[in-house]
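The following note sets out points for discussion on the nonpolar cores, the sheet and the ligand shell. Please read it alongside the model.

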Amino acid sequence: MAFGIGIIGCGGIAGVHAQAATRAGLPIVAVWDIKPDRAQRLAQTHGARVCASIDELVAIHEVKGVAICVPNDCHHPCAIKALTAGKHVLLEKPMAMDLPQCDEIAAAAARSGTTLQIGFVCRGSPAARCVKSFIDAGRFGSIHHIKCALYRRRGIPGLGGWFTTKARSGGGPLIDLGVHMLDLSLWLAGSPRPVRASGATMSGLGAAMRDYTYTSMWAGPPKFDGVCDVEDCATALVRCEGGLTIEMNVSWAANLPEGHLKDGLCVIGSKAGAAFQVFGKEVTIATEEEGHLVDLKPHFVADDPERQMWDEQYRQFIDAVEGRAQPHADAPAGRRVQALVEAIYRSADESREVEVAGSRP
Ligand SMILES: NC(=O)c1ccc[n+]([C@@H]2O[C@H](COP(=O)([O-])OP(=O)(O)OC[C@H]3O[C@@H](n4cnc5c(N)ncnc54)[C@H](O)[C@@H]3O)[C@@H](O)[C@H]2O)c1
């Protein structure tokens, strides 16, 4: 049964949420943004009501589910407000700014008894789901290593705005791209507990502001009077309980020759391994068949991977809200990634491997 959606924060990603929710049959009932013109624009496209405050939005009876699409430092107050009002919440990633905030959000969800799903949308990637189905069928044996990477050569979002202000975002590409890669890797491997992490970050291109060469830009034009105190690139090695290691590389800006380092994931197991890109239409699986090492390309439906990924996220949200399934990317998944990100930054600061909070049972 369709239920109404409210959208909090009407910037870049809100439009994608609104389209995916609409495709899933959920009407956009109301929207709220601190910038009224943005709320007005989104409302006009979807025939929604513009609210004058978050309180007004969460008081609307027809709004059963809320998509939270605000900057990272606003996730916690907005999620608490919506959950406390009894709304089901699809909360954009990262879950929050720190572990205490994650715990407060999870507690608010538990008190209200409503669904809380974290926006780890990459779990809906058709290629990732194809690989996951092989892993779950035991075809990969035990997974011992995952390499994951997303490289932008010049792709700092909104230089000088909230994305590049650590107090508002929590960090740079590790927070923006790395959380997707880490969650996806852990999910594929069956959610082993991350135990130790070693990380390094690099900055300088973004911080140079005016000397940064733009090739592409999203999240608005650069604000040269703004702040850029986050990393340009992050790299990490994560050790998990049971022996899985995850090697992660993400960048917003790096002097990388074009095309040499590939985006995507490489999952290596004892019986087979796979390589794929999150938005890819193809998966390659390496395995042994009758004494030969062969690369197979399994068939799966990938007409429009990005759209399918978002549709899958909303399908799972609806299933959770209507009680057919547990939330797919739940609060513990969001908290686990938060703990990992904090460990990677701590390791980078201290130049040594560190323990991940919550790594002991
Ligand atoms: N899942 C993904 O692939 C993906 C992609 C992009 C962004 N995101 C996440 O989505 C969130 C929003 O990112 P974005 O790119 O849309 O940013 P954005 O800057 O384009 O939009 C954020 C909007 O929130 C509004 N806002 C700020 N504070 C608010 C408040 N307290 N209440 C209501 N509105 C408020 C701003 O005016 C702005 O319109 C971030 O958490 C980001 O990490 C996820």
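1. The largest nonpolar core comprises 109 residues, and Ile7, Val31, Ile68 and Val131 have the most contacts inside it. A nonpolar core here is a set of buried Ala, Val, Leu, Ile, Met, Phe, Trp, Tyr and Cys residues joined through C-beta atoms within 7 Å; buried requires 20 or more other C-beta atoms within 10 Å of the residue's own, with C-beta atoms placed from the backbone.

2. This is a predicted model, in which local features need pLDDT of at least 70 and side-chain atom pairs count only at pLDDT 80 or more, while totals for chains, interfaces and linings use all residues. Residues are numbered from 1 along each chain as its sequence is written.

3. A second, separate core of 7 residues includes Cys228, Val230, Trp252 and Ala253.

4. Six strands form an open, parallel sheet in the order β3-β2-β1-β4-β5-β6. β3 (49–50) and β6 (116–118) stand at the edges with a single partner strand each, so one side of each has no neighbour in the sheet. Strands are DSSP E runs of at least two residues, and helices H or I runs of at least four, numbered from the N terminus; pairing requires at least two DSSP bridges.

5. Of the 22 residues around the ligand, Gly9, Gly11, Gly12, Ile13 and Glu92 come nearest (near: backbone-placed C-beta atom within 6 Å). Helix α1 (residues 12–23) gives the largest share of this shell, 3 residues.

Terms used. Buried ≥ 20, exposed ≤ 12 C-beta atoms within 10 Å, placed from the backbone.
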